[in-house]
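The report that follows reads a single chain from its overall form down to individual positions. Please keep the sequence and the coordinates at hand while reading.

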Amino acid sequence: MAHAELLARHRAVMPAWLTLYYDEPIEITRGSGRRVEDAEGRSYLDFFAGILTNAIGYDIAEINEAITAQVAKGVLHTSTLYLIRSQVELAERIARLSGIPDAKVFFTNSGTEANETALMLATQHRRSNQVLALRNSYHGRAFGTVAITGNRGWSATSLSPLQVSHVHGGYRYRSPFRHLSDADYVDACVADLRDVLATATAGDVACMVVEPVQGVGGFAIPPRGLFAAFREVLDEHGILLVSDEVQTGWGRTGDHFWGIQAHGVVPDAMTFAKGLGNGLAIGGVVARGELMDAITAHSLSTFGGNPLATAGAVAMLDYLENHDLQANAAKQGTRLLAGLRAATERNEIVGEVRGVGLMIGVELVEPGGDAPSPRAAARVLEETRARGLLVGRGGLHGNVVRLAPPMTLTDDETEEGLAALTAALESTRQEMTR
Ligand code: PMP
């Protein structure tokens, strides 16, 4: 079978740490709207959108036109040493959208590079290589970003160019502060931050990097206000705040354009990637001008902000605005969350259903307790696939099912996905309690 042969070739020529979903991994060959088709012609409703890269779905005419117009000019890329009109326009848009005063934008090809750049800016500006990050976080796969990543399952190396301390706050469900009220949880995390600053650092920390909602960490959502409370402490020490918006940007969280805005905080820098190009490789950092100017040597990304990616990204932002997709993310997300909570109320393998906008996590536990259940998550992935639905997986223990459908999701598709997931969760429960 062609599919089996491709899988064998993948395994032979690519590293084992490149994990693939499903017992029989999928090869996606087509996409339209919120649906994709595999090489065998099976159709799936996509509730993971390529880990949020296809923020608004597949085969969007306006984006296709913008890209093909660039292709028609015969120039996919020249060099970022020349002026690129769509790049300047995109930078202006993102600077304005950021809410950061005197903002400047630097483009990269990925979230990893965006975070590496932010780390370089902050450490250079503060002349310190000490960084704070959250436990259970994920920020990328290069030397600095692996070091700040708090999720050990994604830390490819334990060596580090930075001195990193991890604090509580991101993942409440499996923290010692789980059962506290929101206000007490925030107080406990602030106390932890103060303790780490006083006892585990040399006192001149450069920055704190946070995901407003932890993505790889299983769509873990801190209570609103946590980062405002953190910010007060950081300000006492002159520590910069960097918000990693790689998953939470572009209105996906529904009530705000950037995830950090739910906390009433304007960070010193934000990093972004994934959804901006709706499938094209683009990322970047938007930061206060003063911070961006910390670097005075030449520093260039060959492909970062190339004409093809920036033309596509401008079209994506237009589409997002013209169709008010942030509002749709709020609407469909609220519906999905409520539906899922109601449907799983008595499902004993569901420990928690949490979500904000179109980022919804289902924390799966072993029956009769709350031990993390990666086997339940694996099973739910197979069961949803069999029902024509793609979902994601995450969490420190690989036991969280993640939903992040394209922001163009319709009412009917929300119901369809909800029904398929509910049935998959129920059949997994039956299987595990037999
Ligand atoms: N930050 C976050 C929050 C992410 O989720 C990811 C990717 N999963 C990254 C950074 C790294 O992005 P990339 O894979 O594009 O390098």
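Does aspartate 411 count as buried or exposed, given its C-beta neighbours inside 10 Å? Aspartate 411 counts as exposed, because 11 C-beta neighbours lie inside 10 Å of this residue, and the cut-off for that class is 12 or fewer. Its place is in helix α13, which covers residues 411-433. From alanine 198 it is separated by 213 residues along the chain, and the two C-alpha atoms are 50 Å apart.

**Model and overall form**

The structure is a predicted model, and its confidence values should be kept in mind throughout. The mean pLDDT of the chain is 97, with 100% of the residues reaching 70 or more, while the scores for the model are ipTM 0.99 and pTM 0.98. The chain contains 13 helices and 15 strands. Along the principal axes, its C-alpha atoms fill a box of roughly 60 × 60 × 45 Å. The radius of gyration is 21 Å, which agrees with the value near 22 Å that a compact globule of 434 residues would have. Of these 434 residues, 52% count as buried. When contacts between residues at least 6 apart in sequence are considered, 75% of them join residues at least 24 apart.

The domain assignment divides the chain into domain 1, made of residues 1-60 together with 324-433, and domain 2, made of residues 64-323. The C-alpha centres of the two domains lie 25 Å apart, and the contact between them draws 31 residues from domain 1 and 28 residues from domain 2. On the side of domain 1 that touches domain 2, at least two residues each are supplied by α2 (49-52), α11 (325-344), β11 (350-356), β12 (359-364) and β15 (400-403). Sorted by class, that side of domain 1 has 14 nonpolar, 11 polar and six charged residues.

**The shell around the ligand**

The ligand is surrounded by 16 residues, of which the closest are Ser110, Gly111, Thr112, Gly215 and Val246. Helix α5, residues 111-126, gives the most to this shell, with three residues. By class, the shell has five nonpolar, nine polar and two charged residues.

Most residues other than glycine have a negative phi.

**Loop residues and distances across the chain**

Where does tryptophan 154 lie, and which residues does it touch? Tryptophan 154 lies in the loop between α6 (143-148) and β6 (163-167), and, leaving aside neighbours within four places in sequence, it is in contact with Tyr138, Thr149 and Val216. It counts as partly exposed, since 19 C-beta neighbours lie inside 10 Å, whereas a buried residue would need 20 or more.

Serine 79 lies in the loop between α3 (61-72) and α4 (85-98), and its 10 C-beta neighbours inside 10 Å are why it counts as exposed. Aspartate 293 is placed in the loop between α9 (289-292) and α10 (307-322); with 13 C-beta neighbours inside 10 Å, it counts as partly exposed.

| Residue pair | Separation in sequence | C-alpha distance |
|---|---|---|
| Tryptophan 154 and valine 216 | 62 residues | 9.0 Å |
| Serine 79 and valine 216 | 137 residues | 33 Å |
| Aspartate 293 and arginine 434 | 141 residues | 62 Å |

Definitions and conventions: Residues are numbered from 1 along each chain as its sequence is written. This is a predicted model: local features need pLDDT of at least 70, side-chain atom pairs count only at pLDDT 80 or more; totals for chains, interfaces and linings use all residues. Domain bounds come from an automatic or database domain assignment. Two residues are in contact if their C-beta atoms, placed from the backbone, lie within 7 Å. Helices (H or I, at least four residues) and strands (E, at least two) are DSSP runs, numbered from the N terminus. Ala, Val, Leu, Ile, Met, Phe, Trp, Tyr, Cys and Pro count as nonpolar, Asp, Glu, Lys and Arg as charged, and the others, Gly among them, as polar. A residue is near a molecule or strand if its C-beta atom, placed from the backbone, lies within 6 Å of it. pLDDT is the predictor's confidence in each residue, from 0 to 100. The radius of gyration is taken over C-alpha atoms; the globule rule is 2.2 Å times the number of residues to the power 0.38.
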